[in-house]
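Work through the exercises below with the sequence and the structure open. Each task is followed by a solution in steps.

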Amino acid sequence: MDLIQRPRRLRGGEVLRKMVRETRMDKASLIYPLFVKEGVGIEEEIPSMEGQFRYSVDRLPYELERLQHAGVGSVMLFGIPDHKDECGSGAYAQDGIVQKALVCAKERFPDLYYITDVCMCEYTSHGHCGVLCGHEVENDATLELLAKTALSHVQAGADMVAPSDMMDGRVRAIREKLDFGGFKDKPIMSYAVKYASAFYGPFREAAGSAPAFGDRKSYQMDFHNRREGIKEALLDIEEGADIVMVKPAMSYLDVVSEVSKAVHVPVAAYSVSGEYAMVKAAARNGWIDEERIISEMAVGAYRAGAQIYISYFAKELARLMDEGRIG
Ligand code: PBG
């Protein structure tokens, strides 16, 4: 055969394969989501997310130490309060769970980077991401509460805030509040392109944040839509988002790709709880090779155009990168 092009030539050995790799990754781009809970001495495994735990503030430093050791430099904090009410006041309380966790974590591990999820659903008695008027989530009345929440997080030491509620105009409301409060330099990573997804199931068990009635389809996006994702990303950037996120990751890589071409800010992909739970369950049964699967999932997100990857597998991915198996 007189073939001129033989693509296999570049696959002949590991050194060459690594030389010509198109996707390079770095541990610095990983973010690890972490659940903090009221109480003392708590380190409880989340049933639907084996290997993931809820920590009370006093136990949090042990996990932060493990992360730092693994070379994962950024965490995203989610709070699980003791008390919930109609307007989610625990979200913006000065002594709220995330606020307390931040004060402790910043003191013990000042070199880690702390991002906070800004949302109401863990704090409202009805489990929706905003305040209600009847059975409707009231967009504009929620904005002030989200902005207050974001401000209280940065006051407690958050390095970045990440609103995940999907109310219209919330990035602008948060930006104005932070600027007015003297925090012009704190970035916002917006969950700009967040779909109403069954992949969040395990998270809602972990955080006790399932809606008491109805669903989130009136604020989170319809998963049939791709162009709308670009609209949401561009809108949030106009309002002041510094980073935009696409969520979930695995079934939405076309969206990651489109958004990353349409914007000039960093794009994050969030591999969510359902993705984690599926991998864990299949691996436990010996049906898949966990390390190889999580490698493909992560590389897929970066290959699609993400610069940042948020994953419950962050520590494992960091190790795989250290070992030169991916990246
Ligand atoms: C809060 C929030 C959710 C997730 C991140 N922030 C749940 C939801 O929207 O219901 C999901 C994360 C995951 O599934 O890992 N609104």
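**Exercise 1.** Is Arg 175 buried or exposed, and with which residue does Arg 175 form a salt bridge?

Solution. The model is predicted. Step one: the relative accessible area of Arg 175 is 14%. Buried means under 20%, so Arg 175 counts as buried. Step two: the salt-bridge partner is Asp 179, with the closest N and O atoms 3.0 Å apart. Step three: both residues lie in helix H5, four residues apart, about one turn of the helix. Asp 179 is partly exposed, at 26%.

**Exercise 2.** Find what Glu 144 pairs with, and state where the two residues lie.

Solution. Step one: Glu 144 forms a salt bridge with Lys 177, and their closest N and O atoms are 2.9 Å apart.

**Exercise 3.** Which parts of the chain does the salt bridge between Arg 226 and Glu 258 tie together?

Solution. Step one: the closest N and O atoms of Arg 226 and Glu 258 are 3.9 Å apart. The cut-off is 4 Å, so the pair counts as a salt bridge. Step two: Arg 226 lies in the loop between helix H6 (201–207) and helix H7 (227–239), whereas Glu 258 is in helix H8 (residues 253–262), so the bridge joins parts 32 residues apart in sequence. Step three: Arg 226 is partly exposed, at 41%, and so is Glu 258, at 28%.

**Exercise 4.** How many disulfides are there?

Solution. Step one: a disulfide needs two cysteine sulfur atoms within 2.5 Å. Step two: for Cys 87 the nearest cysteine sulfur is that of Cys 133, 14 Å away. Step three: the count is zero disulfides.

**Exercise 5.** Which side chains have an N or O atom at 3.0 Å, 2.9 Å and 2.7 Å from an oxygen atom of the ligand?

Solution. Step one: Arg 216 gives the 3.0 Å distance. Step two: Gln 220 gives 2.9 Å. Step three: Ser 273 gives 2.7 Å. Step four: the ligand taken alone exposes 400 Å², of which the protein buries 100%.

Terms used. Residues are numbered from 1 along each chain as its sequence is written. This is a predicted model: local features need pLDDT of at least 70, side-chain atom pairs count only at pLDDT 80 or more; totals for chains, interfaces and linings use all residues. Side-chain values use heavy atoms; hydrogens and water are left out. A polar contact is a pair of N or O atoms within 3.5 Å; within protein, one must be able to donate a hydrogen and the other to accept it, and residues adjacent in sequence count only if both atoms are side-chain atoms. Accessible areas come from the Shrake-Rupley method with a 1.4 Å probe; for residues, only the protein chains shown count as cover. A salt bridge is a side-chain nitrogen of Lys or Arg within 4 Å of a carboxyl oxygen of Asp or Glu. Buried means under 20% relative accessible area, exposed over 50%, partly exposed in between (1.4 Å probe, protein chains only).
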